[in-house]
2 protein chains.
Amino acid sequence: MRTGIATVCLSGTLKEKMQACAIAGFDGIEIFEQDLVTSPHSPEEVRKMAADLGLGLDLYQPFRDFDGVTPELLKANLKRAEAKFNLMERLGMDTILVCSNVATATIDDDELRASQLAELAELAGDHGVEVAYEALAWGKYVNDYEHAYRLVEMVDHPNLGTCLDSFHILSRDWDTAPIEQINAEKIFFVQVADAPKLSMDVLSWSRHYRVFPGEGQFELAKFMGHVVRAGYTGPVSLEVFNDVFRQSDTERTAVDAMRSLIWLEEQSAKWLASTAVETGTETAAGNGSASRRRYPMELATLPKVNEPAGFNFAEVKADDTAQLEKLLGQLGFEFEGRHRTKDVQLWTMGQARVIINEQAASHSEPAIAALGFDVDSPVIASARAQQLKAPVVARKVQADEEVFQGISAPDSTEIFLCQGSPDGTAAWTHEFGEGLEHSAAQRNAVIDHVNLAQPWQHFDEAVLFYTSALALEPQPFAEVPSPSGLVRSQVMETSNGAVRLVLNLAPAQQSQETARKTYQEHIAFAVDDLVATARSARDRGLEFLQIPANYYEDLDARFDLQPDFLATLMELNLLYDRDANGEFLHFYTATVGSVFFEMVERRGNYDGYGAPNAPVRHAVQYDSLHRV
Amino acid sequence: MRTGIATVCLSGTLKEKMQACAIAGFDGIEIFEQDLVTSPHSPEEVRKMAADLGLGLDLYQPFRDFDGVTPELLKANLKRAEAKFNLMERLGMDTILVCSNVATATIDDDELRASQLAELAELAGDHGVEVAYEALAWGKYVNDYEHAYRLVEMVDHPNLGTCLDSFHILSRDWDTAPIEQINAEKIFFVQVADAPKLSMDVLSWSRHYRVFPGEGQFELAKFMGHVVRAGYTGPVSLEVFNDVFRQSDTERTAVDAMRSLIWLEEQSAKWLASTAVETGTETAAGNGSASRRRYPMELATLPKVNEPAGFNFAEVKADDTAQLEKLLGQLGFEFEGRHRTKDVQLWTMGQARVIINEQAASHSEPAIAALGFDVDSPVIASARAQQLKAPVVARKVQADEEVFQGISAPDSTEIFLCQGSPDGTAAWTHEFGEGLEHSAAQRNAVIDHVNLAQPWQHFDEAVLFYTSALALEPQPFAEVPSPSGLVRSQVMETSNGAVRLVLNLAPAQQSQETARKTYQEHIAFAVDDLVATARSARDRGLEFLQIPANYYEDLDARFDLQPDFLATLMELNLLYDRDANGEFLHFYTATVGSVFFEMVERRGNYDGYGAPNAPVRHAVQYDSLHRV
């Protein structure tokens, strides 16, 4: 598949954008007119830059408000078009995007529109330019891709085809199946964008909230599947207007964009395979025989992975690790010793393993540093992640030590892909000191979930990262009030809940460091008997997060609890939630640095995270942070 | 008017919120339940804090999902309600907000709803509580205030009344005139919120985008006018869910909130006066005779001001002022000398006066420091601003020097209220050195507009500040693409365009300093002959902002300009715009520190700011900033 991206997706100057696209590995770009108009580089210089960078200049866009106008306006529009065709010749470009008229159309008549588009196509032909006509979702008279295609068919000119844009089609809920009936010769360009499902006017939605494929809720694999079946073999190019992407790091956003296309290729191939029996694959073969483009539409494949089977470990680091050791000990974790060759400690409770890394920079406060996931094959999972452009992190290893495959998540947390085992043990633990005799308590403890604060610039990127590289599924997001603002909370999990990751987007657009400090991160462990765990921890002197008495009054008003149960909750600072599936008990420790711990007990099939209790946690943590 | 505010409007803990409300001068507050539930303070402590702060506890809210339910659920709901009534007794509160059912209503039957509300009212009566029933805009069956009131009438219980919330009424475009027909005895509470007109689902709109009165587009004065005519004399309380307010400084937001109510009082009185002839004022007198509340509904008045007649001066400051002096000299400004007693210089061109302040902190770069506005009476204008809680700034003055009335704008720019004169001169200029002999050129120059970068936390506050204190009118906002993101641009101006202020909201949520550096501020001067001005400036060696050649090609494609005119534009780095009213020519200087200058010529009745050219300016400025 030939990959492309519109320059409007990225921040920076045209030159910076082009360089970032080349570094990210795109085949070509769409030049968004304003980026050229505001550039100090002449069209000839832009052409040379693109050639030097190995970037195709695949689409000039947009040309607006052409069709359905009065004869006087048509004349002016053709003159305007000719100036752009001349410019395209200097750029060495051959395809222009013409959007259906929004502002100046006054005549709703397909015959007239077709005749005007025919004039445009004829003029374009004189300049060696091909016109890709697209129905905008908010076009005044033409806002449906099938309508745009009917016009293209009516005109029947070699220099006029259509452009399919997933946003304009899926935002209007148009049926995508008829795409397969379009003559592939007449699909001159395909643009893709994803979006969260928002109920707002489609223009604002389009201009501010588009995201890269895999970061929203559109059925893009299906859309692309129909496009492929139609026989289309041209560029598939991202056109994503997003307020955050427009202001975040250019190169990094370009890589995020490229990742989304690689992932979309795989998902599209999967969709095609899964629907092959139903609909047959003859259409593609039939239509695709005489493609106008030279790029064969081969959908690249990626190394296949299943969703992770569980957390292998979590790693926290600090300059001074005493507080972490104390907390884990009070929670009931056992110290398993130091690593043979590295300055790290292993602490365990059942199958919950926590590494305390003592190699942190001096004066750095306790923080979550890394997460290990159990996968079928670390090498295959790592290969997949790297093909998805995840940055690699290396760990120094000695002979006969397990080699960890590591990648860096968008928030810089290190993600290690580990060999899982059926019994939940980890082979690498033998690299640590003598195994101790363990008490029988909490043998079944596991890491239940991990909660990470995300920098605002990389929130969507993080969702795609965990979706594509780790096969976690994003759940509908929630918003949690805190004294510092609303916290957006995005759960990513496996279908069986064995891995649960919660990404929190802090309200203020702060530095990652401030975000981590204010919206603390935590590791939650699940045990069988939370009350017993809490009592033992209290006996060991654990500092619990203090839950206000008002909370318990409200809890009682909501759930009508047994008095002795309520008293136990209050006594131990436990929080409680209940839904149709089951019950949830949990407590939090005080925070050290930017990290705290949570212990949870899931009763029945409770599948949530105690969301109604999150505001209480935020308020108490805020209070203790500001009281210091 | 008794003023109030819901604690959910503000950031921080319940205690911090209450303190901020007292400082801002509110009469009472609404306790948002979650703020109490998450507070470490007992109901008794909260009651005492409120009493100590002189704050009434006017409304406990919200109680959700009560009416239209099955008998089993009714029983549970009554139990839940009783717990809250008990809590209110401990708080010493007598009014609770009950919203129409969203989630659990299954029976759409007014008789049933009325009987259930009657049970609630009876229970409330036993606890000395009054229930204010409100129709949520998205209530499942009850979403119209007239419907809610019909239910109140059906129940006819002394402990059941209604709550009118401007958001729930105006977001649905309900007619507000029938409010006057409501028995004032039955209006137990009034909540006000403004909002920008957005086309999105009403729940998201309500939860994230409400603003304080005067910061949005609702007809709140009319709403309040009808409420007053109905005879209502109870609290008028802000309930504003806003993502930004929830995370910005608590005290400052509370002051902004209070300002909005003071302004609303004045606007409501104006609306009542302007419609008195039409509808008579008998309704209010008739209904208001036996009010259940003790607070008389007197709408406070403010000192009256007209819109400013023009800019009196603009002031820039720097540690090293050499660059500023050079730029102004090159633009054609004349140095009028130093002030008798202060380290400031005066530069003028016609009636455009620029003060260069040399008293800046060491190493501070050139920046806009202050703006002077011509008003009818500086003392009255200052009194008004201070009653609107604008912070006062003082200037040291010697005997026989003009005393400037100064206030501080939300972005810290100092605003001076100056005595205007019919001929546009300023008396204080005699405090500067010898008047020089001036050339006849550009006698008509004036300050055309000033463009200020606003910190994201105080953008809405700034709109209300300039609206209420300076009588500027907000225009519909625009969004301008820049290489660093979309810039939101809000024009505030007088009806005749004599004062034009452009507030720019930088995309990234950065510090004010970074925002100023990236999204530079400027002062624009209007002259009669821009081409001549530009030529003279060029001859004096002015460094123009360099406009790319691509811009002129696009300009030609858009406007089909005369070749020699286009050549002149290119030669002098002039920008151009045209609309149905006239033409606009302008150029920019290079930036020094965070400030640059613009020279403009308005031809015909052109009333804009060359918005299509703004992306070019941003791109070139970005480029020069990043090349350094």
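Predicted model: local features only at pLDDT ≥ 70, side-chain atom pairs only at ≥ 80, totals over all residues.
Local features need pLDDT of at least 70, side-chain atom pairs count only at pLDDT 80 or more, and totals for chains, interfaces and linings use all residues. Residues are numbered from 1 along each chain as its sequence is written, chains are lettered from A in the order in which they are written, and side-chain values use heavy atoms, without hydrogens or water.

Helix 19 of chain A spans residues 563–572. Helices are DSSP runs of H or I with at least four residues, strands are runs of E with at least two, and both are numbered from the N terminus. A:Phe565, A:Leu566, A:Thr568, A:Leu569 and A:Leu572 are buried (under 20% relative accessible area; exposed is over 50%; 1.4 Å probe, protein chains only). These buried residues fall within an arc of 155° seen down the axis, so they line one face of helix 19. The arc is taken from the directions from the helix axis to the C-beta atoms. Exposed A:Pro563 and A:Asp564 sit on the face turned away from the buried side. A:Asn573 follows helix 19, with a positive phi near 60°.

Over all chains, 46 aromatic pairs are found. Rings of Phe, Tyr and Trp (its six-membered ring) pair if their centres lie within 6.5 Å; planes under 30 degrees apart are stacked, over 60 edge-to-face, the rest tilted. A:Phe313 and A:Trp428 are edge-to-face, at 5.6 Å centre to centre and 75° between the planes. They lie 115 residues apart. Both A:Phe313 and A:Trp428 are buried. B:Phe313 and B:Phe404 are stacked, at 5.8 Å and 25°.
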